[in-house]
Structures are given as structure tokens and as C-alpha cells.
There are 2 protein chains.
Amino acid sequence: MRYELYYWPTIQGRGEFIRLALEEAGADYVDVAREHGRGMGVPAMMRLMEAATTRHPSFAPPFLRAGRIMIGQTANVLHFLGPRLGLVPKAEAQRLWAHQIQLTVADFIIEVHDVHHPVGASLYYEDQKPESLRRAPIFTRERAPQFLGYFERILRGNSSGKGFMIGRSAGYVDLSMFQIIAGMRYAFPNAMARLERKTPRLVELHDRITQRPNIAAYLASKRRIPFNRHGIFRHYPELDV
Amino acid sequence: MRYELYYWPTIQGRGEFIRLALEEAGADYVDVAREHGRGMGVPAMMRLMEAATTRHPSFAPPFLRAGRIMIGQTANVLHFLGPRLGLVPKAEAQRLWAHQIQLTVADFIIEVHDVHHPVGASLYYEDQKPESLRRAPIFTRERAPQFLGYFERILRGNSSGKGFMIGRSAGYVDLSMFQIIAGMRYAFPNAMARLERKTPRLVELHDRITQRPNIAAYLASKRRIPFNRHGIFRHYPELDV
């Protein structure tokens, strides 16, 4: 099965959670909007998303095409891919648990984004800076510790002793934890220096994920887009005092 | 199977999407935090959420207990309940499609909430009113039309001719559409008077849902908590000019 991933070509964003899963599994996939030529690129993605003939259109990227199936919403895509890529246990209760955590990641990601966009996604950060300056400390002092503390609690509660979020092996939720720690370190280095002391298991998990051969190769490749000021995790020093 | 729903007892909030599904299906359920007595009430909910022995804790309510399974995240609960209550088609592609729409409802609900809480959930609305006054028109003029237009497009694209979101019968996604229209009418009556002209199918769907016997009985009962200024949909006239 060759998977087609559709996402913005210049940011990690929400698509990165899917890219990490495909890369870890060594899946055959094409990152459509980053390719050139016939049927490729952003125009192809927009056409597919907006065409009246598209049966299951997405509200926004990312979305995935797998044969005749088209799926949107990041966590939903991972819920679909998980068993196919061997990145989640097969039992229903465990799959729902993984998905529940991933949906909480999705909630967290919205809050990360809204630190620099508290008024509206259609305005530049520079046009909502006073509001961002007010929101940022509430995020770094209240919300980020709540979310990271919740994920740390899950790691601590997994009695397998292997240091993964669910069961005894690395899954897509673990890859998402890596991405969250990496993103938070980029966007809020000062806040994270403090927060990491309270989430030692998450930090260890992040480090172990970077050493997995497929992930290490991916992170060293050009396929891994660097963090930048267009994505979800953005570094503005004034929001991280 | 007797389902136990855990959610705040004085608001519709996110729990309402689950209550509507349970009510439509005539399911045997207890709304734990709204009951009194041993093992009931908000303290019981908080204990279960925070106990170290809880294997699959939720970040926040709502969550559902079904025998030995405990599930959090509203859309995940509906994804689990859907086939059991006959409120979603059984084929995997259709279930994922329903879930994708429900996850877009979840995204919309966050934006509805953040109109009156753009800075932080820990502050009162009154303490973030200037920011809300700036966010509100962007929501009513840009985001709400985008989301409602997307849902209208899905209704229009369903060729069954029955006027439901998926297939030929009412499911949990249709109940969620009802709830969105009802909530938007309460919170933003002026904006909705304008928006409804562009979403005639959604309005029709809302009306038809209110006439379903189980839903009509529920809406007329005390189990339906009235909209108020503590929930997600809140009416502040200054945010709906």
C-alpha cells in the first residue's frame, strides 16, 4: 500500500505527527504537496480538498489517501494507520486509549498555536501581540504543566517498565510525545528548562525516540522540515520570559 | 449494558453531545455527577479522574464507563458508542468519516468557547473582555461561516436524499449538528439570523432532529440543562453585534 499524505509543504505542523508514524514504520508514502510534477504540489492538494466530487472532504489538511479511502483529522489518520503500521496494540480498549491520548495531544496543540494566535488565525502574530503577551504566561505556567503532567502521569502509570505510553513497545503516541517535547523546547526554551524537571520520563522517552534508527535517519534527512515561525511551535522570545 | 456518563452537572458543554446520543438511542445510562448518594456527584467524578489506580484517566470530563472500559474525549466516546447504539454505519470507512466530522465539531466547539475565553480558561470572561471583543467578529464573520459551510457542504453532498449527514438514517453526527445550531442560536442570535440563510439544510436537519420522539421528550424534560453563561455557548450581546 502506497499512502498519500496531504499537508502544507513548508511546516511540520499537524502533518508531522503523521510523518513520524510513516517514517518509524518505514511505510511507502508520498508527501504530495512537497513533490513536483503532475498531480503533485499544493494546487493538487487544494483541488482534492475543494472538489465537489470528493466524497469525504477535509475541513483542512492534513489528510491521507489510502487506496480508495480518504481520511482527515490528524488523530483520526493515526487511529487508522496505527494497526496497519504496527504502532498501536490491536485490542479495541487499547486502541481507544491510544486515540484518547492522541486527542488530548490535539487539544494541547491548539493551545500551543493559540499562544501566538489568540485573536484569530487570519491575523498575523504581529497584529495580536498584546493579546499573545497576556496569554503566554497563562499557557507556560498553567496549561503546559497540566498537559505535560498528564502525559507524564500516563508514562508513570504504565506498569510494563519499558518506558512507553502504552504497553511494551513504541507506538504513534510515543512519537507524538517526542514531537511535543521537541516543539516545546524550540518554542519555549526557558519555560521548558523548568517544566522538564517535573517530567523526567517524558524527556527520557523523547531521547529514546531520537535514537530509533528510522527516526534518527528521518531527523537527519531533508524530509524533516526545521521548526520555523510559520508552524504551530514558534519561538518568540517575548512569549517565553 | 448500563453506561455511566461523567460530566459537569450544571452545563450542557461537551457532555451534551454524548447525552443526546444516549437519549436518542433510549440507552440505559446514569449521569453520575448529577445524581446524589453513594458513588455519585461531582466528588465521585473527581475521585475517579484523579485516582492513581485509574488505568485510563481523562485529562478532563466528559468520560464514560461501560463495564470495565473507561473512555475519555467526547468524540472518542461517540466513536465507541456509535455502533453499539446504532448511531453510525458499521463499515470502517463510514465510521472513520463520521468520526472525522465529529472531530471537526470538536475543533469548532473550542473556537466557540474561546470567543469568550481568548486569553485563558482560568480567567473570568469579564477579565478578558477587550480580547473577546476583538475575537468575536472574526469568529462570527470568518470562522463560523467556514465551519457551518463545511457541514452544509457535507449534507448537500450526501446523495441519499434523506437529509442526514451520513447514509440514510440519523446518527450521532446529526445530533451534534442539532446541538451546534441550537447553541449558535442561543449564543449568537444576530450572527445566526444571517448565517442560517446560507445553511438551509443544516437548519432543516436541526428542526427534524427536534421532532424525533426520544429527543423531543428529552428536550422537554429536566434532564436537558438550559443554556447558560457557564457552558461553551454563552450569550453576551456585546459579542454578537
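# Touring a predicted two-chain model

Visitor: How many helices and strands does chain A have?
Guide: Keep in mind that this is a predicted model. Reading from the N terminus, the elements of chain A go β-α-β-α-β-β-α-α-α-α-α-α-α.

Visitor: What radius of gyration does chain A have, and why does it agree with a compact globule?
Guide: The C-alpha trace of chain A spans about 50 × 45 × 30 Å along its principal axes. A compact globule with 241 residues would have a radius of gyration near 18 Å, so chain A agrees with that, at 18 Å.

Visitor: In chain A, what share of contacts between residues at least 6 apart in sequence join residues at least 24 apart?
Guide: On burial first: buried residues make up 46% of the 241 residues in chain A. As for those contacts between residues at least 6 apart, the share joining residues at least 24 apart is 68%.

Visitor: Are H1(A) and H3(A) roughly parallel or roughly antiparallel?
Guide: Helix H1 (residues 15–24) of chain A packs against H3(A) with the axes 10 Å apart and an angle of about 5°. Angles under 35 degrees count as roughly parallel. That makes the arrangement of H1(A) and H3(A) roughly parallel.

Visitor: How do the residues of that H1(A)–H3(A) contact divide by class?
Guide: H1(A) brings A:Phe17, A:Ile18 and A:Ala21, while H3(A) brings A:Thr74, A:Val77, A:Leu78, A:Leu81 and A:Leu85. By class, they divide into seven nonpolar, one polar and no charged.

Visitor: Over in chain B, which hand does the crossing of H4(B) and H6(B) have?
Guide: The axes of helix H4 (residues 92–116) and helix H6 (residues 172–187) of chain B come within 10 Å and cross at roughly 20°. That makes H4(B) roughly parallel to H6(B). The crossing of H4(B) and H6(B) is left-handed.

Visitor: Which element gives the most to the side of chain A that touches chain B?
Guide: The contact takes 29 residues from chain A and 29 residues from chain B. On the chain A side, the elements giving two or more residues are strand E4 (69–72), helix H3 (74–85), helix H4 (92–116) and helix H5 (129–157). By class, that side has 15 nonpolar, nine polar and five charged residues. With eight residues, the element that gives the most is H4(A).

Definitions and conventions
Residues numbered from 1 in each chain as written. Chains lettered and ligands numbered in written order. Predicted model: local features only at pLDDT ≥ 70, side-chain atom pairs only at ≥ 80, totals over all residues. Helix = DSSP H or I, 4+ residues; strand = E, 2+ residues; numbered from the N terminus. Rg over C-alpha atoms; globule rule 2.2 N^0.38 Å. Buried ≥ 20, exposed ≤ 12 C-beta atoms within 10 Å, placed from the backbone. Contact = placed C-beta atoms within 7 Å. Axes fitted to C-alpha atoms, helices over the stretch in contact; angles between N-to-C directions. Parallel < 35°, antiparallel > 145°, perpendicular 65-115°, else oblique. Left-handed = near helix turned anticlockwise from the far one by under 90°. Nonpolar A, V, L, I, M, F, W, Y, C, P; charged D, E, K, R; others polar.
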